[in-house]
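User: I'm new to this one, so please walk me through it step by step.

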Amino acid sequence: MRRTKWKAASRAALALAGAGALAAGMALFATAPASAGTTLGASAAEKGRYFGTAVAGFKLSDSAYTTILNREFNMVTAENEMKIDATEPQQNQFSYGAADQIVNHARSRGMSVRGHTLAWHSQQPGWMQNMSGTALRQAMLNHVTQVATHFRGQVVAWDVVNEAFADGSSGARRDSNLQRTGNDWIEAAFRAADAADPNAKLCYNDYNTDNWTHAKTQAVYNMVRDFKSRGVPIDCVGFQSHFNNDSPYVSNYRTTLSSFAALGVDVQITELDIQGASATTYRSVVEDCLAVARCNGITVWGIRDSDSWRASQTPLLFNSNGSKKPAYDAVLAALNNGTTPPTTAPPTTVPPTTAPPTTAPPTTAPPTTAPPTTTPPGQGGCTATVTVNQWTGGFVANVRVTAGSSALNGWTVTIGLPSGATVTNAWSANRSGNTGTTNWTNVAYNGQVGAGQSTEFGFQANGTAGSLSPTCAAG
Ligand code: XIL
């Protein structure tokens with residue numbers, strides 16, 4: 001299992017910078033920084049989080065820019081300088097000058113650095129765009145290894161892979177030259193990054209993954225769950241959160257963050273900007289992060305509106321002249337009013353122990369012959385047992401369904417929840433009811449269970465589980 005690194009990083013930053021440093025994850029400051037409540041970074045640190053911004057290296061000579069950067073933020077992401085085209089412009093010729101300048105600016109002032117990004121279909125140098133197959137896979141792994149090694153000890157987290165899923169309703173991987181090297185390219189990149197920098201947090205980062213009901217969100221969720229269940233070294237998921245009229249903020253964003261966190265990963269908001277910079281929406285985003293213990297930081301994608309990649313949307317916290325916008329005040333207030341993370345840890349185990357199928361269930365019914373039994377399907381009944389992972393305010397339940405003396409062709413589990421317990425999300429079963437008596441039936445791929453065999457489903461809920469006594473019925 002990979003180590004928790006945010007705490008160590010914040011200690012190092014504290015030692016360097018004293019008050020204005022980063023904290024994240026479960027790390028809590030014993031004493032409040034001197035500037036508590038007056039800057040984004042200090043206020044976030046009081047809540048055990050960081051507040052970061054994207055930085056463009058060529059702006060570090062602009063004193064209006066650096067004045068705000070140095071005052072407000074305690075995490076930095078290079079806006080372009082660590083991307084593949086910047087760090088390996090010719091194959092095997094690495095170029096770190098622009099990135100090093102940003103890293104040095106940040107770290108010498110006690111800010112931490114998120115690395116962005118090691119493997120991505122976009123902003124590839126020409127030589128890589130023209131590669132394919134095994135040669136590309138090797139070149140990608142070499143890039144990950146070299147760059148992660150160069151910055152080892154200097155970045156607290158890497159966006160190892162960026163934007164690997166398609167938009168729309170397919171839930172499929174995005175087609176790219178990297179994807180065409182084989183579906184395992186993402187986990188290969190994570191393993192290479194882990195080998196090169198075992199102490200950095202390793203993140204998957206994407207956009208349009210904010211709405212819990214979207215296919216893309218679910219697809220990334222399923223990949224992370226699969227990675228956790230198979231021991232692929234992933235520590236965190238970044239939500240870019242570029243909110244605009246086409247991809248607006250939605251109130252289930254908090255459910256998205258908490259559902260990913262329940263898989264045993266940290267979550268971060270990595271590239272926040274909001275078209276029009278509604279103070280209300282900015283406040284909601286901050287409140288959503290503060291409500292999720294494992295949401296350990298927020299990064300806005302630029303400082304002033306004029307710095308934004310979408311400047312015409314005026315999506316940031318500072319006007320082009322550097323003055324604070326109403327959204328800034330809303331964010332600061334939300335950081336100062338928010339609750340501190342619970343001192344008891346949320347579950348670090350992966351909720352489902354059985355991974356869902358990564359391929360679509362068969363469209364034809366699997367059994368072409370009757371089950372080999374003299375007992376008709378299901379007449380041997382079934383049993384259900386539950387394992388609960390409880391933390392303050394919530395729990396994950398894993399339910400094991402075991403067939404009796406004959407095979408099951410469908411099952412229904414009934415679980416009575418104590419008052420105050422409300423299901424927030426579930427996997428590998430259909431559900432009716434989210435409070436009180438809840439009924440759970442098999443989904444297409446796990447209804448047929450051989451005699452004496454088992455399958456599992458699970459759910460996350462708010463509240464306290466107490467002792468649950470599930471019952472199981474065949475059919
Ligand atoms: C953007 C930068 O802000 C621009 O300067 C650049 O021209 C294009 O990339 N998702 C990401 C970021 O992960 O790297 C992108 O940054 C914005 C979308």
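This is a predicted model: local features need pLDDT of at least 70, side-chain atom pairs count only at pLDDT 80 or more; totals for chains, interfaces and linings use all residues.

Analyst: A word on names before anything else: the helices, of at least four residues, and the strands, of at least two, are DSSP runs and are numbered from the N terminus.

User: OK, how many helices and strands does the chain have?
Analyst: There are twelve helices and 19 strands in the chain. Of its 475 residues, 54% are buried, and among the contacts with a separation of 6 or more, 75% are between residues 24 or more positions apart.

User: Back to Glu-163, then: what is its phi, and is it buried or exposed?
Analyst: The phi of Glu-163 is near 55°, which is a positive value in a residue other than glycine. Most residues other than glycine have a negative phi. Glu-163 has a relative accessible area of 11%, and because the limit for buried is under 20%, Glu-163 counts as buried.

User: Changing topic: which residues touch the most other members of the largest nonpolar core?
Analyst: That core has 94 residues, and those touching the most other members are Phe-51, Trp-158, Val-161, Phe-190, Tyr-282 and Leu-317. Helix α8 (residues 185–196) contributes the largest share of this core, namely eight residues. Apart from it lies another core of 23 residues, with Cys-382, Ala-397, Ala-421 and Phe-459 among them.

User: What is Phe-51 in contact with, away from its sequence neighbours?
Analyst: Once the neighbours within four places in sequence are left aside, the contacts of Phe-51 include Leu-40, Ala-44, Phe-73, Met-75, Ile-298, Val-300, Leu-317 and Leu-335.

User: You mentioned α8, so how do α7 and α8 pack?
Analyst: Helix α7 (residues 133–150) and α8 pack at an angle of about 30°, and their axes are 8 Å apart. Angles under 35 degrees count as roughly parallel, and the two helices are therefore roughly parallel to each other. The crossing of α7 and α8 is right-handed, and the residues that meet there include Met-140, Leu-141 and Val-144 in α7 and Ala-188, Ala-189 and Ala-192 in α8.

User: What about α8 with α9?
Analyst: In that pair the angle is about 50° and the axes are 12 Å apart, α9 being the helix of residues 215–230. That makes α8 oblique to α9. Their crossing is right-handed, with Ile-186, Glu-187, Phe-190 and Arg-191 in α8 meeting Met-223, Phe-227 and Arg-230 in α9.

User: And how do α10 and α11 cross?
Analyst: The axes of α10 (residues 253–261) and α11 (residues 279–290) come within 9 Å and cross at roughly 25°, which makes α10 roughly parallel to α11. The contact is made by Tyr-253, Arg-254 and Leu-257 of α10 together with Val-285, Glu-287, Asp-288 and Cys-289 of α11.

User: What sits in the loop between β7 and α10?
Analyst: Asn-252 is found in that loop, with β7 covering 242–243. Leaving out residues up to four places away in sequence, Asn-252 touches Asp-210, Asn-211, Trp-212 and Thr-213. Asn-252 and Asn-211 are 41 residues apart along the chain, while their C-alpha atoms are separated by 6.2 Å.

User: Last one: which residues of α5 are buried, and why are they on the same side?
Analyst: In α5 (residues 97–107) the buried residues are Ala-99, Ile-102, Val-103, His-105 and Ala-106. They are on the same side of α5 because they cover an arc of only 160° around the axis. These buried residues pack against β1 (50–55), α3 (63–72), β2 (75–78) and β3 (112–120).

Terms used: Residues are numbered from 1 along each chain as its sequence is written. Side-chain values use heavy atoms; hydrogens and water are left out. Buried means under 20% relative accessible area, exposed over 50%, partly exposed in between (1.4 Å probe, protein chains only). The arc is that of the directions from the helix axis to the C-beta atoms. Contact means heavy atoms within 4.5 Å. A nonpolar core is a set of buried Ala, Val, Leu, Ile, Met, Phe, Trp, Tyr and Cys residues joined through side-chain atoms within 4.5 Å. Axes are lines fitted to C-alpha atoms, for helices over the stretch in contact, and angles run from 0 to 180 degrees between N-to-C directions. Angles under 35 degrees count as roughly parallel, over 145 as roughly antiparallel, 65 to 115 as roughly perpendicular and the rest as oblique. A crossing is left-handed if the near helix is turned anticlockwise from the far one by less than a right angle, and right-handed if clockwise.
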